[in-house]
Amino acid sequence: MASSKEFLNFVLEQCGGLSARPMMGEYLLYYGGKVVGGVYDNRLLVKPTPSAVALIPNAPMELPYDGAKRMLLVEDIEDRELLEKLFAALCRELPEPKKRK
């Protein structure tokens, strides 16, 4: 099931600096130019970095799609303060994107 545009827009409204790019019916999420997670089947999933796990320690790990690596499910998408901290921490921790040739 593809994610709805309404759910994506709600997630984007919750956190300034967050942007999305469509990918096969779902959406990759970018913060500070880095891929931090995605919207899959109307679920907000983020990369399980140490800082993300520390901020949402009880978050379940879920598969975004078959064959993918598990990601953290962000259940409280209405907590703007948590989302800001989470995405800022992810951005600091993730490596810079590789330059395209």
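Which residues of β2 are buried on one side, and which on the other? Glu26, Leu28 and Tyr30 are buried on one side, and Tyr27, Leu29 and Tyr31 on the other. This is a predicted model: local features need pLDDT of at least 70, side-chain atom pairs count only at pLDDT 80 or more, and totals for chains, interfaces and linings use all residues. Residues are numbered from 1 along each chain as its sequence is written, and side-chain values use heavy atoms, with hydrogens and water left out.

**Strand β2**
- Buried means under 20% relative accessible area, exposed over 50%, and partly exposed in between (1.4 Å probe, protein chains only).
- Strands (E, at least two residues) and helices (H or I, at least four) are DSSP runs, numbered from the N terminus.

**Pairing with β1**
- Strand β1 (residues 18-23) pairs with β2 in the antiparallel sense over 6 bridges.
- Two strands pair if DSSP finds at least two bridges between them.
- Arg21 has Leu28 as its bridge partner in β2.
- The β1 and β2 hairpin has 2 residues between its strands, and Met24 in the turn has a positive phi of about 55°.

**Pairing with β3**
- β2 also pairs with strand β3 (residues 34-40), in the antiparallel sense over 5 bridges.
- Tyr30 has Val35 as its bridge partner in β3.
- This hairpin has 2 residues between the strands, and Gly32 takes a positive phi near 60°.

**Thr49**
- Thr49 sits in the loop between β4 (43-46) and α2 (50-55).
- Thr49 is buried, with a relative accessible area of 8%.
- Beyond its neighbours within four places in sequence, Thr49 is in contact (heavy atoms within 4.5 Å) with Leu90, Glu93 and Leu94.
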